[in-house]
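I opened this model to look up its fold, its ring pairs and its charged pairs. My entries are below.

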Amino acid sequence: MDIAAILAVLLFFVHIVAFVAGGSNSVVMPIIAGKMVQASPEVRGELLDFAKRLARVGKYSMIALIVTGVLVLWVKWNFVIPNAWFWVKMAGVVAMLVFIGLNESMAKRVAAGDAEALQRSELFGRLTGAAFLVVILSAVLAFN
């Protein structure tokens, strides 16, 4: 195995670890947001702290995904796009970034206990999860 192949495997490994860490947020965040809607102010504060910590993991994971994704595409595929499913995957990634950003824009209102912001946050979390599923499916179809 040459150095480029070893590098590609290592980068792909980091990519998958970041995918799991970030993707778990797509599952957990809507659950947390749903619990915040009816939580007491004390519990809401604890849930919000937990959500902020998970969001930090998600941000670092997304950065790692973007960097390792570009590097794997370069090292393993020489920037050759395998098929149209790759672009579906990238559209899913863009959708995830948009919904994550929209969810982040609700953070201060959620912290203040705004019920409408909590509902929007839950919706954005669900939409992020749906986009995540699109990314998974299209990645399997693109690279299989």
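The entries run from the whole chain down to single residues.

**Ground rules**

I am working on a predicted model, where local features need pLDDT of at least 70, side-chain atom pairs count only at pLDDT 80 or more, and totals for chains, interfaces and linings use all residues. Residues are numbered from 1 along each chain as its sequence is written, and side-chain values use heavy atoms, with hydrogens and water left out.

**Whole chain**

I counted elements first. The chain has 5 helices and 0 strands. The order from the N terminus is α-α-α-α-α. Helices here are DSSP runs of H or I with at least four residues, strands are E runs of at least two, and numbering starts at the N terminus.

I looked up the extent next. The C-alpha trace spans about 55 × 25 × 20 Å along its principal axes. The accessible surface comes to about 8800 Å², and 72% of that belongs to carbon and sulfur atoms. The areas come from the Shrake-Rupley method with a 1.4 Å probe; for residues, only the protein chains shown count as cover.

Of the 144 residues, 34% are buried. I use buried for under 20% relative accessible area, exposed for over 50%, and partly exposed in between (1.4 Å probe, protein chains only).

I then checked contacts, meaning heavy atoms within 4.5 Å. Among those with a separation of 6 or more, 73% join residues 24 or more positions apart.

**Helix H5**

For its 29 residues that gives 42 Å, and the end C-alpha atoms are 42 Å apart, which agrees.

What caps the N-terminal end of H5? Asp114 does, with a side-chain oxygen 2.9 Å from the backbone nitrogen of Glu116. Asp114 is partly exposed at 27% relative accessibility.

**Ring pairs**

A pair of aromatic rings is described by the distance of the centres and the angle of the planes. My rule takes rings of Phe, Tyr and Trp (its six-membered ring) with centres within 6.5 Å; planes under 30 degrees apart are stacked, over 60 edge-to-face, and the rest tilted. I get 4 aromatic pairs by this rule.

Phe19 and Phe132 have ring centres 4.9 Å apart and planes at 35 degrees, so I log the pair as tilted. Phe19 sits in H1 (residues 3–38) and Phe132 in H5 (residues 115–143), so the pair ties together parts 113 residues apart in sequence. Phe19 is partly exposed at 21% relative accessibility, whereas Phe132 is buried at 11%.

Phe86 and Trp87 have centres 5.3 Å apart and planes at 85 degrees, so this pair is edge-to-face. Phe86 is buried at 7% relative accessibility; Trp87 is exposed at 53%.

**Salt bridges**

Side chains of opposite charge can pair when their charged atoms come close. I count a salt bridge when a side-chain nitrogen of Lys or Arg lies within 4 Å of a carboxyl oxygen of Asp or Glu. The whole structure has 5.

Glu104 pairs with Lys59, the closest N and O atoms being 3.3 Å apart. Glu104 is in H3 (residues 84–105) and Lys59 in H2 (residues 41–75), so the bridge ties together parts 45 residues apart in sequence. Glu104 is partly exposed at 36% relative accessible area, and Lys59 is partly exposed at 43%.

Arg109 forms a salt bridge with Asp114 at 3.1 Å between the closest N and O atoms. Arg109 is partly exposed at 30%.

Arg126 and Glu122 meet at 2.9 Å, N to O. Both lie in H5, 4 residues apart, about one turn of the helix. Leaving aside neighbours within four places in sequence, Glu122 is in contact with Pro30, Ala33, Gly34 and Val37.

**His15**

Last, I looked up His15, in H1. His15 is buried at 13% relative accessible area. Which backbone oxygen lies 3.3 Å from a polar atom of its side chain? The oxygen of Leu65. Not counting residues up to four places away in sequence, His15 touches Leu65, Thr68 and Gly69.

Note on methods: Polar contact = N/O pair within 3.5 Å; in protein donor to acceptor, adjacent residues only side chain to side chain. Expected span 1.5 Å × (residues − 1).
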